[in-house]
Amino acid sequence: MYEATTRLIDVATGDQTVIQSFRARMETSLGGMARTRLPKELIARWYQPLLTDRHIWRDFAPFLRSTRRDCYLEAARNFPAFTRPVLVAWGAEDRMMPPETGRRLARLLPDARYVEIPDARTLVQLDNPGALIAEIRDFVRAHPLPGEQ
């Protein structure tokens, strides 16, 4: 993980050799996160600001340097105190973060509803947007914000 962070810092600080290598690997960097191959144009659009905007470099590098190894574990310790309803929608075929990870996340939250989105991996919104939208709609209907009943 920290090797990847170091490489991102190099990208964020404008190291041209690293940026060229990063561009060459962009297409495969998300491999397996979706059921179908992601279009090169989409991946380029996602990464382009990081690779070209010096303001993002300026902010991104210090952010990466300041991130601690335990930041996600520390955040997870606060989950039991979050009492609002939560929808945990997970790709049923996710290879990077298997469904058990989503179930585990849902167990940490006192009022969570876990659903698996069929025919989807990590990028659920690309693989099966219809199923994801249906789950979000159902969840929002079942849990209106105060004053929206």
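Gly102 is located in helix H6 of the predicted model. At a relative accessibility of 0%, this glycine counts as buried. Gly102 is 14 residues from Glu116 along the chain, and the C-alpha atoms of the two are separated by 8.7 Å.

The protein chain holds 8 helices and 2 strands. Along the sequence, these elements follow the order α-α-α-α-α-β-α-β-α-α. The chain has 149 residues, of which 28% count as buried.

The lining consists of Tyr72, Leu73, Ala75, Ala76, Phe79, Trp90, Met97, Thr101, Arg104, Leu105 and Leu108. By class, 9 of the lining residues are nonpolar, 1 is polar and 1 is charged. Space of this kind is found by rolling a probe the size of a water molecule over the atoms, which shows where empty space is left.

Helix H3 comprises 13 residues, 40-52. At 1.5 Å a residue it should span 18 Å, and the computed distance of 17 Å between its end C-alpha atoms agrees with this.

A search of the whole structure returned 1 aromatic pair. The pair is formed by Phe60 and Phe63, with ring centres 6.4 Å apart and planes at 20°, so the pair is classed as stacked. Both residues belong to helix H4 (residues 54-66), where, being 3 residues apart, they are separated by about one helical turn. An α-helix has 3.6 residues a turn, so residues three or four places apart point the same way. Phe60 has a relative accessibility of 21% and therefore counts as partly exposed, the cut-off for a buried residue being under 20%.

The loop between strand E2 (112-117) and helix H7 (124-127) contains Asp119. Phi of Asp119 is near 55°, a positive value in a residue other than glycine. Most residues other than glycine have a negative phi. Asp119 counts as partly exposed because its relative accessibility is 40%.

Arg121 lies in the loop between E2 and H7 as well. With a relative accessibility of 12%, Arg121 counts as buried. Arg121 and Ala92 are 29 residues apart in sequence, and their C-alpha atoms are 6.4 Å apart in space.

Note on methods
Residues are numbered from 1 along each chain as its sequence is written. This is a predicted model: local features need pLDDT of at least 70, side-chain atom pairs count only at pLDDT 80 or more; totals for chains, interfaces and linings use all residues. Side-chain values use heavy atoms; hydrogens and water are left out. On a 1 Å grid over the protein atoms alone, a cavity is a set of points where a 1.4 Å probe fits but cannot get out, and a pocket is an open set with protein on both sides within 12 Å along at least five of seven lines; lining residues have an atom within 4 Å of a point. Ala, Val, Leu, Ile, Met, Phe, Trp, Tyr, Cys and Pro count as nonpolar, Asp, Glu, Lys and Arg as charged, and the others, Gly among them, as polar. Helices (H or I, at least four residues) and strands (E, at least two) are DSSP runs, numbered from the N terminus. The expected span of a helix is 1.5 Å times one less than its number of residues. Buried means under 20% relative accessible area, exposed over 50%, partly exposed in between (1.4 Å probe, protein chains only). Rings of Phe, Tyr and Trp (its six-membered ring) pair if their centres lie within 6.5 Å; planes under 30 degrees apart count as stacked, over 60 as edge-to-face and the rest as tilted.
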